[in-house]
Amino acid sequence: MSTTKKIAGAALAAALGVTTLSACGGDAKDKPAGTSDAPKSKTVTLVSHDSFNVTEGVLKEFEQRSGYSVKVLKSGDAGAALNQEILTKGSPRGDVFFGVDNTLLSRALDNGIFTPYEAKGLADVKPEYVLDKEHRVTPIDSGDICVNYDKAYFADKKIAPPQTLDDLTKPEYKNLLVVENAATSSPGLGFMLASVGKYGEEGWKDYWSKLKANGVEVVDGWEQAYNERFSGSAGGKKAKGDRPLVVSYASSPPVEVLYGEPQPAEAPTGVATGTCFRQIEFAGLLKGAKNEEGGKALVDFLISKKFQEDMPLQMFVNPVTKDAALPELFTKHGVVVEKPENVTPETIAKNREQWVKAWTALVVK
C-alpha cells in the first residue's frame, strides 16, 4: 500500500513523521546493561507506513489498561517502511511493524524480520486472512483495489459504467481510464496483479496491450491519479480532471461522502466490482524488539474488537475479525466485493520483479 495503505481517506488524514499518540506513563529509563533489576520499558513503538491512524480515545484506553505508552514511527509508504526494517534486521527501530501487505509479505518473511507470536484473539480472525501458519505476522485489515467511476459522467453520456476488467478494453471506454504506475504505486501494483489473477501468467500482458490500445493513462501514484486526473473526486473536480475512470479503492465512495462539503446524500462515485484485487495488511513482532512483551500486547490490541471497529473510519479499510461491525457510512455508501482477484504471496514473491519490468516495458516505454 504506496500505502497502502494507500487509501483515500488515509491520504487526507495521515500525519508525517514520528508521532507519539499518547503519553500515558512516560518512557522508563533503563539501567545499564547487565543490571538485574532494570525496569521494563513502558513505551512500545509501532513502525508503520504513513496511513496508520487510530482514534485518540481508543488508543488511550489500551494504554491505560496495558500500562504502555504507544509511539508511532511513520516511515513513508509500505515498501519504503519495509525496506528500512530489512536493512535494520535484528536491531529494529521499533517493537511492532504494521503495514506489510500480501504483495510484499513473502519478502518480509524471507528476510526473517519477525518473531513468531500467536496473538490473543487470533481465533476471531476470519481464517481466509491468516496467510502465515507460523504466525510471524497477524492479519489486521483488508481492502480492495478497484476501478472507481464518476457517476455523473456516465449518466450524462448515457453510457453504462464498466463493471469488469474485460469491459475496460471496450471502445466506449477509450481514453477514459487512468491508472497508477505498477513500479511506483501500491494500487498500481495491485491492479496489475488483478489482471494476473484474472488472465493468468500467460494472458495478463495481452490484456495490458489491449488497455494501452484503448488509451489508458499511467501516472506515478494514487494522489495524482485520484485527486488530479479523476473527474469524479472532489480534488479531481477542482483540478479539472477529465478521466472518469480511476484505479482506487472500494472504500473511496464513502470517503467522498464523509469529506464532501456539503456532505452529499449519495456517493458521487461508484465501484466496478469486477476489477478488484484483495489487499490484506499484517502486523508482526519485530525480531530483536526492545519491548517484546509490549509488542505482543500491541499486536493483541490491533485485532481487538475496539480497534477493529475504530479502524474503518480512521484508515478506510475493512476489519478482519468475525464480530467487528462496519460503520453505517461503509454499509450505506460502500460496496461488498464478493469475488476479488487474488494471487498467492509466494507467486507474487517469485514473479513480482519480472512482472513489473515486463509491465513497464509494455505500458510505459
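**Exercise 1.** Leaving aside neighbours within four places in sequence, which residues is T138 in contact with?

*Solution.* Keep in mind that this is a predicted model. Start by finding T138 in strand β6, which spans residues 138-150. Next, look for its partners: they are Y117, A119, L122, E281, F282, A283, V299 and I303. Finally, check the accessibility: T138 has a relative accessible area of 3%, and under 20% counts as buried.

**Exercise 2.** Find the buried residues of helix α3 and work out where they sit around its axis.

*Solution.* Helix α3 covers residues 78-87, and its buried members are A78, A81, L82, E85 and I86. Now look down the axis of α3: these residues fall within an arc of 140°, so they line one face of the helix. Last, see what the buried residues of α3 pack against: β2, β4, α4 and β10.

**Exercise 3.** Which residue forms a salt bridge with E85, and is E85 buried or exposed?

*Solution.* The partner is R93, with the closest N and O atoms 2.8 Å apart. E85 is buried, at 1% relative accessible area, whereas R93 is partly exposed at 29%.

**Exercise 4.** Describe what the salt bridge between K151 and E266 ties together.

*Solution.* First, the N to O distance is 3.1 Å. Then place the partners: K151 belongs to helix α5 and E266 to the loop between α9 and β10, so the pair ties together parts 115 residues apart in sequence. K151 is partly exposed at 28%, while E266 is exposed at 53%.

Methods
Residues numbered from 1 in each chain as written. Predicted model: local features only at pLDDT ≥ 70, side-chain atom pairs only at ≥ 80, totals over all residues. Heavy atoms only, no water. Buried < 20%, exposed > 50% of the residue type's maximum accessible area, 1.4 Å probe, protein only. Helix = DSSP H or I, 4+ residues; strand = E, 2+ residues; numbered from the N terminus. Arc of directions from axis to C-beta. Contact = heavy atoms within 4.5 Å. Salt bridge = Lys/Arg side-chain N within 4 Å of Asp/Glu carboxyl O.
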